[in-house]
Amino acid sequence: MGVELHEVSLSYPGTDLVIDSLTAQIDDGEFVAVLGASGCGKSSLLNMIAGLLQPTSGWLEVPQDGAAFMFQDANLLPWLSAADNISLALKLGGYPADLRDARVAQLLNLVQLGHAGQKKPHELSGGMRQRVALARSLAQDRQVLLMDEPFAALDAITRDMLHEELRSLWQQTGKTIIFVTHNVREAIRLAGRILVLSSHPGRILETRRISAQLRNDPAQAAALADELTTILRKEQRKHERTSAAG
Amino acid sequence: MSALAQQASEPTVKADKLRLPKTSLDSVLAPVITVIVLLSLWQIASWAVPIRSDLFPGPGAIVAKLPEMLDNGSLLGAVGTSLFRALSGFLLAVLIATPIALLLAHQPLLRKGLGPLISAMQVLPSIAWVPAAIILFGLSNATIYMVLLLGAVPSIINGLLSGIDLIPHQYRALSQVLGADKRQHIWHVELPAALPGYVAGLRQGWAFAWRSLMAAELIAVGGSLALGVGSLLQRGRDLADLPLVILVILVILLVGVLIELLCFAPVERKLLRDRGINRTGGKNV
């Protein structure tokens, strides 16, 4: 089962609408990128799907066991080692205690960090921290994985490696991934479908399917990136004009 | 997979260890040299200023008082009594303050009502409680413990509360997405996250406990009460023995600082180091 959003709106107390009547269907096993300029409500949308925010109106349907979540800044607990951060997710998810260590080792190996389990988050580089966060979200063992600009703060080389790894993990696990980003090239590289959000309030402006052929053809990918960037710039300017007028 | 193999060799960060030796040396040497300079100036002044030596004793006269106080056992006995009272009272304060702080952190209405009162108690000098405690409990240990608890408990409560207040909002979101219930959130996330604030509160609570104890022992003397360090101050005053008074002041200072250095400072350092928070010497003035 995937995720369904029907006429979902969100506003914070005393503010305008953040998300306006958004309807979308994300199929089971699909990799969808939600693309939008800063402040368009993409993270709020993800928080609603995760159950961290309640919609003001409309309804949404997520699998019974909820969704795993990967935060923008890893959000690892600094007093726990990499292995213990993952182990805590297993423990809170009710994973049997006697099998936990083996599962932690398995997950660390999956994200290429088998050697760094005992390191504390501050002893790891930004890319390694995000790998631990990815392993922790996989430890939650839920079909839906929500990712809130998880690679935004990383350097280009590390980000590139993690893109490769995430695609490969998605292919191995068949999870439904909803990946929020403001990076057009990242969205094209990763997703099978891109939902472009308008700026404030967030509505779906465009939906684009990304075929394997388009992804692997630099010319086609660049043309689409230019097109989507133009849309986002237009939205950003509109938002800035509205903010200045308000 | 070659890219991934490259990733495995990403450097890990060990920045917090870089400045440690120099910082440790500085933090020991600077106060030691300052104390030596101040003691020298004091001794020179006591020789140079034409005032009676019993009214302006130099460090030499204070040190000369020490063997007498050690021989008759009154100093060590008093230090032992005060330390026992301070440590047991402090432990009791921790046991009382911790659940109250947790309750207030999770009951906003209760906190709105009691919070200002607790902060006000922190401002009130503990010595103000001594007469009331004597009226209630007479010259007994209960008087001493009442004053000590009223001094230490508010600091510990406020320390834990501010530790909890400073927990990043994202940790709560993390607990929620990991499926933690309230008890699991408090145990696995909230308490460990609040630990630095809690330890800072304990540190301040200890300072308040020690000060309150001295205030109580200074006034509450006699009855069934054993002689504490604070009471020795009163004895020095009764005997107009300024070297004794100054010696006792130095002992009070020394005990307070030693507990701070031997117990709280290492715990705080370890906590900060474990979390990758690098406190460099000279910047936290």
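Let's start with residues 245–265 of chain B: this span is 100% helix and 0% strand, and its end C-alpha atoms sit 28 Å apart. Helices here are DSSP runs of H or I with at least four residues, strands are E runs of at least two, and both are numbered from the N terminus. This is a predicted model, where local features need pLDDT of at least 70, side-chain atom pairs count only at pLDDT 80 or more, and totals for chains, interfaces and linings use all residues. Residues are numbered from 1 along each chain as its sequence is written, while chains are lettered from A and ligands numbered from 1 in the order in which they are written.

An unreviewed UniProt entry lists 245–265 of chain B as a "transmembrane region", along with others including 117–138; such annotations may be inferred rather than shown by experiment. Residues 117–138 of chain B are 73% helix and 0% strand, with 26 Å between the end C-alpha atoms.

How far can you trust it? Chain B averages a pLDDT of 84, pLDDT being the predictor's confidence in each residue, from 0 to 100. Over residues 1–20 of chain B, though, pLDDT stays under 50. Where pLDDT is low, the predicted coordinates should not be read in detail.

Technical notes: Two residues are in contact if their C-beta atoms, placed from the backbone, lie within 7 Å.
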